[in-house]
Amino acid sequence: MTTARPTLIALALCLSAGAAFAQTQGVSKDEIVLGSIQDLSGPLAGFGKSVRQGMVLRVDEINEQGGINGRKIKLLVEDSKYDPRNAVLAAQKLVNQDKIFAMVAHLGTAQNMAAMPVQFQKNVVNFLPVTAAREMYEPFHKLKFANIGPYYEQMRTFLPRMVQEKKPKAVCAIYQDDEFGLEVLRGAEEGLKAVNMQMVEKTSFKRGATDFSSQVARMKSASCDFVVLGTIIRETIGTIATARKLDFNPTFFGSQAAYTDLIHKLGGPAMNGLYATMTTQHPYLDEASQPIRFWANKFKTKFNEDPNVFSVYGYNAIDIFARAAGRSGANLTTDSFVKTMDSLTVPTDIFGSPELRFSPQRRYGSMAMRLSQIQDGRWKVTSDYVNQ
């Protein structure tokens, strides 16, 4: 009996160590491994590349300053091509092969929804995805953390206000036929109820479409003078450009997914007048705000490209992760990270992003949102924050 006792103790210690290792996947003495899935070669490659660059900039800054409690960040980025099936394969590689600690700033609604089950099976946090879908925090899951007010709320909140201001006779919608576009449509329809109106016409397009002539023709035939856009980059540009050619000039109103400088850079003067919901201010190189101007030029120096708001999303996601991981202490585990996030407050940043507050019951940072419009070829903030 006396010889068996040390063996049992040793076995218990080994089992305990194994459990701790399983919980701290992606964390070693010197390193924290983070993963991200972006569209690097598909229809949203302009967004994905910018998110990745923003993340790399902040990772390099943190590592140059000694890392997080002595651990350097290793960032691994996979390409989904904006396809949910590819997102699943990418998640499987990052989670099971690369052993990431957290998935950070994953781009796309359908892509996140497809990948999250793979992550959650291995206790991997889905941290601040670059999508404003409600599914990023609903239904509740301890491993979900989101920081963008959902597309549904953006439309539900601002459409009634714009209708009261613009007084359109026929509100219509063009939307992408997936969960992203449907969330924009649902929010818009709910918002119209508040002003006793209904959608006069609505039409969809498949993800990756390039021709929007039939959709725009339907809008024109229905005499739509206000069009809600469940669109992203080229779909926004294609829809508005087609409308201008047909001498069809309603008020166009998009979600935060359409808030990017790529719209006016690629679409030109035809994009003037477009409204979109937003939070974080676009970082123009000649921005009047000195801190934004300094950051934008630092980005330009590093990548030889102008930054955009998606660069900021990536940068901020890593910054907030580092803030939480640092406060979790030297013994970084999934549980300690989640516990830190459960009481984390992130103050407003130089880009005017709203304050974020998380709690054990609240997995989104803020519902605050505001409005911007393309005027003279650049985005200009046109409203104060509205907080739901």
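Which residues does asparagine 126 touch, not counting residues up to four places away in sequence? They are Met103, Asn112, Met116, Gln119, Phe120, Met136, Leu143, Lys144 and Phe145. The model is predicted.

**Asparagine 126**
- Asparagine 126 sits in strand E4, which spans residues 125–127.
- Its relative accessible area is 1%. The cut-off for buried is under 20%, so asparagine 126 is buried.
- Its side chain makes a polar contact with the side chain of glutamine 119, at 3.1 Å.
- Gln119 is also among the residues that asparagine 126 touches.

**The sheet and its helices**
- Five strands form an open sheet in the order E2-E1-E3-E4-E5, with parallel pairing.
- Strand E2 (72–79) and strand E5 (144–145) are the edges, and each pairs on one side only.
- E4 and E5 pair in the parallel sense over 2 bridges.
- Phenylalanine 127 stands opposite phenylalanine 145, a residue of E5.
- Helix H4 (residues 109–121) lies across strand E1 (31–38), strand E3 (102–104), E4 and E5. Helix H4 runs at about 145° to E4.
- Helix H12 (residues 334–341) lies across E4 and E5. Its angle to E4 is about 40°.

**The disulfide**
- The whole structure holds 1 disulfide.
- Cysteine 172 and cysteine 224 form this link, with their sulfur atoms 2.0 Å apart.
- The link between cysteine 172 and cysteine 224 is left-handed, with -85° about the S-S bond.

**Aspartate 178**
- Aspartate 178 is in the loop between E6 and helix H6 (179–193).
- Aspartate 178 counts as buried because its relative accessibility is 9%, and the cut-off is under 20%.
- The side chains of aspartate 178 and glutamine 176 are joined by a polar contact of 2.8 Å.
- The aspartate 178 side chain also reaches the backbone nitrogen of phenylalanine 180, at 3.2 Å.
- Leaving out residues up to four places away in sequence, aspartate 178 touches Tyr82 and Arg207.

How values were computed:
Residues numbered from 1 in each chain as written. Predicted model: local features only at pLDDT ≥ 70, side-chain atom pairs only at ≥ 80, totals over all residues. Heavy atoms only, no water. Disulfide = S-S within 2.5 Å. Helix = DSSP H or I, 4+ residues; strand = E, 2+ residues; numbered from the N terminus. Buried < 20%, exposed > 50% of the residue type's maximum accessible area, 1.4 Å probe, protein only. Polar contact = N/O pair within 3.5 Å; in protein donor to acceptor, adjacent residues only side chain to side chain. Contact = heavy atoms within 4.5 Å. Pairing = 2+ DSSP bridges. Axes fitted to C-alpha atoms, helices over the stretch in contact; angles between N-to-C directions.
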